[in-house]
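Good morning, colleagues. I would like to take you through one structure today, and I ask you to keep it in view while I speak.

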Amino acid sequence: MKLRVLCGAFAGVVVLFFSAHEAVRGGSPTPGGDGAETAVLKGFVRLTGALPPAARLSMNADPSCAKLHPAGLTAEDTIAGADGGLQNVVVFISDGLGDRTYELPHQPALIEQKGCVYNPHVVAVRANQELDVVNNDATTHNLHPLPINNREWNRAQAPGTRADMTFAREEVAILMKCNVHPWMRSYIAVFKHPFFAVTGKGGRFELNNLPPGNYTIEAWHEKLGTSTQKVSVGPGVTKELEFVFKSPAAH
């Protein structure tokens, strides 16, 4: 009987541990609110023109990484679908929320190092939200974020370990690199509010439970820069937006 009780207690601890470290790519759950009194902004981020040719990544600095990708890899800096849907764009409210404050999410955001690349390539978090960086590779990595508004730091990360980090101030976006593996680059966007999203393969985004008001919406891409729109939304309104970026290959 005692053994059965102990096993049950241990299983409960394991469930709690892994639930607390479930990944949230967008950085935070959407805030609570009455859907009849709040608004939704959703839409599409499009790339027009020819997709720039993706640069080939050289992993010669670490043969243990290179052998994981016998066909080679290409950079993830500009990825778009056949319909132009642009991936890895951070869409967020840049003005209009005033001095409202929001509770931090309980779940951490997550970046995995697997196959000597960062996954995801772009992540968005709340200011002071925990961000877990996991090294799933058999080689040592190096974590070196290069912020402007936050504190810079640089440390090694052994195989099979997890590093926890936080950023205290808003910043779009912080470059993180690995000094050991120069092709490894990712971006971390930091916000003081929960109204942001990172586009996936379809180029879509959605901002839920937004208080009615007048806002500036910004879309940021690491290579293509930023695009902004102003929008007014009332209670219970769902409004669709489209952001269009022009391919540099067309210039």
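I begin with Phe205, which is buried, its relative accessible area being 5%. Please bear in mind throughout that this is a predicted model. The ring partner of Phe205 is Phe243, and Phe243 also counts as buried, because its relative accessibility is 1% and the cut-off for buried is under 20%. How are the two rings arranged, by distance and by angle? The ring centres of Phe205 and Phe243 are 6.1 Å apart and the planes stand at 55°, so this pair is classed as tilted. The pair connects distant parts of the chain, with Phe205 in strand β15 (residues 204-210) and Phe243 in strand β18 (residues 238-246), 38 residues apart.

A search of the whole structure gives 5 aromatic pairs. Another of them joins Phe191 and Phe196: here the centres lie 4.8 Å apart and the planes meet at 15°, so the pair is stacked. Phe191 and Phe196 are both buried. Together with Phe92, these two residues make up one aromatic cluster.

I turn now to strand β9, residues 141-146. Is this strand mostly covered or mostly open? It is mostly covered, as 5 of its 6 residues are buried. Strand β9 has a partner in β10 (residues 155-157), to which it runs antiparallel with 3 bridges; His141 faces Gln157 of β10. Strand β9 also pairs with β12 (residues 171-177), again antiparallel and through 3 bridges. In that pairing, Pro145 has Met176 of β12 as its bridge partner.

Next, the pockets. What is the volume of the largest one? It is about 450 Å³. Its lining comprises 24 residues, with Thr74, Ala75, Glu76, His121 and Arg185 lying nearest the centre. Two or more lining residues come from each of β3 (73-74), β6 (118-119) and β13 (185-191). By class, the lining of the largest pocket divides into 10 nonpolar, 7 polar and 7 charged residues.

The second largest pocket holds about 210 Å³ of space. Of its 16 lining residues, Ile93, Ser94, Glu170, Lys192 and His193 are nearest the centre. Strands β4 (90-95), β12 and β13 each contribute at least two residues to this lining, and β4 gives the largest share, 4 residues. The classes here are 7 nonpolar, 4 polar and 5 charged.

Thank you for your attention.

Conventions:
Residues numbered from 1 in each chain as written. Predicted model: local features only at pLDDT ≥ 70, side-chain atom pairs only at ≥ 80, totals over all residues. Heavy atoms only, no water. Buried < 20%, exposed > 50% of the residue type's maximum accessible area, 1.4 Å probe, protein only. Pairing = 2+ DSSP bridges. 1 Å grid on protein atoms, 1.4 Å probe; cavity = no way out; pocket = protein on both sides within 12 Å on 5 of 7 lines; lining within 4 Å. Points joined across faces, edges and corners; volume = space filled by probe spheres on them. Nonpolar A, V, L, I, M, F, W, Y, C, P; charged D, E, K, R; others polar. Phe/Tyr/Trp six-rings, centres within 6.5 Å; stacked < 30°, edge-to-face > 60°.
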